[in-house]
There are 2 protein chains.
Amino acid sequence: MSDDPKWPSDWIRAVLAPCILQQVQTRNESYGYQIVQDLGARGLPGIGGGTVYPVLNRLEADGRVRSEWREGHGGPGRKFYTITPQGETWLSETSGAWQEFTARVAAILTMEGNPA
Amino acid sequence: MSDDPKWPSDWIRAVLAPCILQQVQTRNESYGYQIVQDLGARGLPGIGGGTVYPVLNRLEADGRVRSEWREGHGGPGRKFYTITPQGETWLSETSGAWQEFTARVAAILTMEGNPA
DNA sequence: CCATACTAGATTGCCAGGCAAACTAGACGA
DNA sequence: TCGTCTAGTTTGCCTGGCAATCTAGTATGG
């Protein structure tokens, strides 16, 4: 299940931040590299570090995650992210709005030959 | 039914071109100003001419619509757009991919507390 | 007769953000 | 020693929404 089309960047752009934050929330904590792997496994492949790390910085700057650096036992250190209460609020609001939005768009795109 | 939230531009960006093309297809022909009205009526308000007209130009440059200028009986002239066969192909492909994409995103965003 | 508003289109400039590419650096295997 | 994997950061390109501004034709109201 990895014949994924590699979605257009404008689509990724629309949902990247919420998807990343949801990953952080689902695991109680996570770090950039792991998030990249997770997104790929969940149907959003081809998203690299140069895309994800800036998003994490923005999320932290907006107070939606906190970060903590930990030395690695084997391998390089990792910066672990945890969701904040504000992050949880924003995530649920954004997810709800996204569902509403996609419903309206789907209504537009699926009116095959229907009259106005 | 016009208490619409005015969606973030990154979301609009993701779907504007297909939505506009679908409008052109549904009416057999349409013009920029009418498309703006239609989108507003269908749940995508706040999209102005400065957004729609460049999209129509791109669609035409890519061969997905043809345009024809007509003088107005009362009021200014209008540039009517018609969908091309390539446009129809692209629209159906893009719509399908969009449905697939939103399904995967929804799967990510709705895993409330589910394990990985 | 003039001001306002609506219809219709075009253009300019700002700004956000994905992404490729390159870089640092530790650990490990051949 | 060299390549590879993990892990993070930074730079620069390019796309595209959107506000603002402009032109112009028509209609309405004072």
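**Helix packing and interface**

Modeller: In this predicted model, helix H1 (residues 9-26) of chain A packs against helix H2 (residues 32-41) of chain A at an angle of about 105 degrees, their axes being 10 Å apart. Helices are DSSP runs of H or I with at least four residues, numbered from the N terminus. Axes are lines fitted to C-alpha atoms over the stretch in contact, and angles run from 0 to 180 degrees between N-to-C directions.

Biologist: How are H1(A) and H2(A) oriented to each other, roughly parallel or roughly perpendicular?

Modeller: Roughly perpendicular, a term that covers 65 to 115 degrees.

Biologist: Which residues make the contact?

Modeller: H1(A) contributes A:Leu16, A:Cys19, A:Ile20, A:Gln23 and A:Val24, while H2(A) contributes A:Ile35, A:Asp38 and A:Leu39. Contact means heavy atoms within 4.5 Å.

Biologist: Turning to the interface, how many residues of chain B are in contact with chain A?

Modeller: 37 residues of chain B contact 37 residues of chain A. In chain B, B:Trp11, B:Phe101 and B:Leu109 lose the most area to chain A, together 21% of what that side buries. Buried area is the accessible area (1.4 Å probe) lost on putting two parts together, summed over both.

Biologist: How many salt bridges are there between chain B and chain A?

Modeller: The count is 2 (a side-chain nitrogen of Lys or Arg within 4 Å of a carboxyl oxygen of Asp or Glu). A:Asp10 forms a salt bridge with B:Arg13, with the closest N and O atoms 3.2 Å apart.

Biologist: What conventions apply?

Modeller: Residues are numbered from 1 along each chain as its sequence is written, and chains are lettered from A and ligands numbered from 1 in the order in which they are written. Local features need pLDDT of at least 70, side-chain atom pairs count only at pLDDT 80 or more, totals for chains, interfaces and linings use all residues, and side-chain values use heavy atoms, with hydrogens and water left out.

Methods: Helices (H or I, at least four residues) and strands (E, at least two) are DSSP runs, numbered from the N terminus. Angles under 35 degrees count as roughly parallel, over 145 as roughly antiparallel, 65 to 115 as roughly perpendicular and the rest as oblique.
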